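Let's take a walk through the charged pairs in this one. Have the sequence and the fold open side by side as we go.

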Amino acid sequence: MQISRTGDTQVTGNLFEQHVVRRGTTVTGRLATTPEAAEVLHTLIASCEGKIVLGGSRSTQGAATLVVSDAPTPTLERVGGTTDQVIVRLAAPGVFVDRLGRPAAAPYGAELRQQLGSPVTVTRAWSDRWTVEGGWHAASGLPKPQERCVAAGASYVLASQNPVTDDALTRLAMRGVGLRRYEGFGALAVTERAESWS
């Protein structure tokens, strides 16, 4: 919390708590990008020798070493060796709405059709856990809108009217599903090779 100049109250909008990540902690993640953007990223990392500073109190804390490596092309699992059924699992909470904009428990069919190139229906779903997620907008110093989300770990079997190509699976794996994907929502658990599930 930040105290006002008079020293008797906290500054409006500056009530917060601070958590520190323990020194030596390794954090891993996945970044989906284009080859051109990946080349720019590698150039930027090389220019600063991978040394970056994150978070608040950056004058004394937040030093980190960034390592980026190219990974094999991600894909999603096919069901039982079929070409028209795919299983997707949420690696992060998913923000889904129906055609009227109301919270939904599964990805919207039109979105899936656009990504997989064929009409798609959700034939099975394991998505009975809900959560509320928001965030903080650092530039404005205000909280982001809270969303009713399906919790990470939810799984869906998607059935397509036509065979789903490997390219379409990769595109969906890299893009994710639902709203607010650029904030990390709707990221999918991926594999580096085509697996079978039944």
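A residue counts as buried here when its relative accessible area is under 20%. Keep in mind that we're looking at a predicted model. By that cut-off R78 is buried, since its relative accessibility is 11%.

So who does R78 pair with? Its partner is D166, and the closest N and O atoms of this salt bridge sit 2.7 Å apart. D166 belongs to helix α3 (residues 166–175) while R78 is in strand β3, so the bridge ties together parts of the chain 88 residues apart in sequence.

Strand β3 (residues 77–79) also holds E77, which is joined to R89 in strand β4 (residues 85–89), 12 residues apart. Buried or partly exposed, what are the two ends? E77 is buried, at 14% relative accessible area, whereas R89 comes out at 28% and is partly exposed.

Now move on to E147, which forms a salt bridge with R180, the closest N and O atoms being 3.2 Å apart. E147 is in strand β9 (residues 147–150) and R180 in the loop between α3 and β11 (196–197), so this one links distant parts of the chain, 33 residues apart. Here R180 is the buried end, at 16% relative accessibility, and E147 is partly exposed at 23%.

Notes: Residues numbered from 1 in each chain as written. Predicted model: local features only at pLDDT ≥ 70, side-chain atom pairs only at ≥ 80, totals over all residues. Heavy atoms only, no water. Helix = DSSP H or I, 4+ residues; strand = E, 2+ residues; numbered from the N terminus. Buried < 20%, exposed > 50% of the residue type's maximum accessible area, 1.4 Å probe, protein only. Salt bridge = Lys/Arg side-chain N within 4 Å of Asp/Glu carboxyl O.
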